[in-house]
Amino acid sequence: MKIVILGAGYAGVTAALRLARISSRKADVTLVSRDARFVERIRLHEHAAGRRPKARPIASLLRGSRASFVVGDVAAVDTAARTVTLDDGRSLAWDRLVLALGSRPDMTAPGAEEHALALDGRGAAELVGRLPELARRRGRVVVVGGGLTGVEAAAELAEAWPDLRVTLLTRSAASAGFSRAAREHMVRSLERLGVEVVTNVSVRELERDRVVTTDGSVAFDACVWAVGFVASPLPAGLSLAQSARGQVLVDAFLSSVSDPNVYVAGDLAVHARPPAIAVPMGCKSAGPSGAHVADNLLREIASRPRVAFDYAAPGYCVSLGRSDGVIQLTRADGAFEGAVVRGRVAAWIKEMICKSTIAMLRLERYGLSSYAAFRAGNVAPALEAPRAASPGALGS
Ligand SMILES: Cc1cc2nc3c(=O)[nH]c(=O)nc-3n(C[C@H](O)[C@H](O)[C@H](O)COP(=O)(O)OP(=O)(O)OC[C@H]3O[C@@H](n4cnc5c(N)ncnc54)[C@H](O)[C@@H]3O)c2cc1C
């Protein structure tokens, strides 16, 4: 079976490493991504504040495995001919396609694309270049978005650059979905770091040097846009059922509801019929979903029935600079009302979790299954009867 995996983030690399355990006589696994290096997206706020990213070539993450790696931008997919075309014209044939193209910052607000910096590789690199000069003249950085990413970015920038004036603008309260204890700790930490938190403002648009809100405008020297993520665009020719956020609708087994030969993992996937606790976007779910897609493909190859993805996030970790943080555990029903860990211990746990995302990939490379289901029983209702593969239809 020829399996092509598009996107080498947490989901795609995990899927490739797990699939590559199978004998090359049974499956031929190719991972494709535009980046030759693994982008640790969960550390982009640290990199934006000036911490140098570790070089992690994807080829070395895959070293010793049977997966091939191709660097290239995916331009088009032909589901009838079962081919992927890269922007330089190269073409790859597949029997099963795994989409793991991830997400990107939502820059759809008027003026955001032109005047704000996103927390992506390009935005982080631009901030690194500008922050020393901005700090020297006590410039103002406005972070828009009071979710986890906005809070982490504001804290990180304020801690690394104490002379910078950092303002966090949020539509409701900072990290509104968290328990009261977690929220109070975040607000206290932001205050300690000198971040001005402006709550209950709606941004109307961005101009070159100011954020225009429903309550007036806030001037900035640099604006970091952290209002959330939308799915990465699908390559031309791939017309699959999608949600309003652009995510591909999948069944309980993580295959596209429009094309059973296409599996989807990570931020790009969303259940067409969600389980009791919706699977959040995040590296916490991307790795397990990549592993699960690989396991279902291995089951198909072995003509065994596929298994529904069973996952619920056990908790959420927020860094507040390098020596403070919050861990919010969830209750069995998914509510953000479980135990809260704060301060240095939380910062240490968060750092261990960030390190573990890379350690998990190494474990996969050595043939050890890195992810177990975090919570049994959180399975999406089936849309169809479980399918057993007919290997004869799959090619070699
Ligand atoms: C600052 C920040 C902090 C975060 N903190 C956390 C956290 O604490 N916990 C958490 O769970 N999540 C966190 N996240 C979210 C997390 O990073 C994402 O949910 C995760 O990266 C999704 O993994 P993925 O494998 O689905 O996609 P990605 O990691 O986005 O990887 C997708 C890959 O596909 C490639 N690609 C896309 N389109 C194409 C194309 N057309 N051709 C070729 N290649 C393509 C991309 O270049 C990329 O390599 C954070 C994100 C940010 C930005």
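This is a predicted model: local features need pLDDT of at least 70, side-chain atom pairs count only at pLDDT 80 or more; totals for chains, interfaces and linings use all residues.
Close-up 1. Strand 13 and strand 14 (residues 210–213) run antiparallel and are joined by three bridges. The open sheet is formed by three strands in the order 13-14-15, and their pairing is antiparallel. Strand 13 (203–206) and strand 15 (216–219) stand at the edges, each with a single partner strand, so one side of each is left without a neighbour in the sheet. From one strand to the next, the twist averages 25 degrees.

**Close-up 2. The packing of helix 1 with helix 9.** Two packed helices are described by the angle between their axes and by the distance between the axes. Helix 1 and helix 9 (residues 343–365) have axes 8 Å apart and pack at an angle of about 20 degrees, which means that helix 1 is roughly parallel to helix 9. The crossing of these two helices is left-handed. In the contact, Y10, V13, T14, L17 and R18 of helix 1 meet T357, L361, E364 and R365 of helix 9, and the residues involved divide into four nonpolar, two polar and three charged.

**Close-up 3. The shell of residues around the ligand.** The ligand is surrounded by 32 residues, of which the closest are G7, G9, G102, G266 and G282. At least two residues of this shell are supplied by each of helix 1 (10–19), helix 2 (44–48) and helix 8 (283–301).

Terms used:
Residues are numbered from 1 along each chain as its sequence is written. A residue is near a molecule or strand if its C-beta atom, placed from the backbone, lies within 6 Å of it. Helices (H or I, at least four residues) and strands (E, at least two) are DSSP runs, numbered from the N terminus. Axes are lines fitted to C-alpha atoms, for helices over the stretch in contact, and angles run from 0 to 180 degrees between N-to-C directions. Angles under 35 degrees count as roughly parallel, over 145 as roughly antiparallel, 65 to 115 as roughly perpendicular and the rest as oblique. A crossing is left-handed if the near helix is turned anticlockwise from the far one by less than a right angle, and right-handed if clockwise. Two residues are in contact if their C-beta atoms, placed from the backbone, lie within 7 Å. Ala, Val, Leu, Ile, Met, Phe, Trp, Tyr, Cys and Pro count as nonpolar, Asp, Glu, Lys and Arg as charged, and the others, Gly among them, as polar. Two strands pair if DSSP finds at least two bridges between them.
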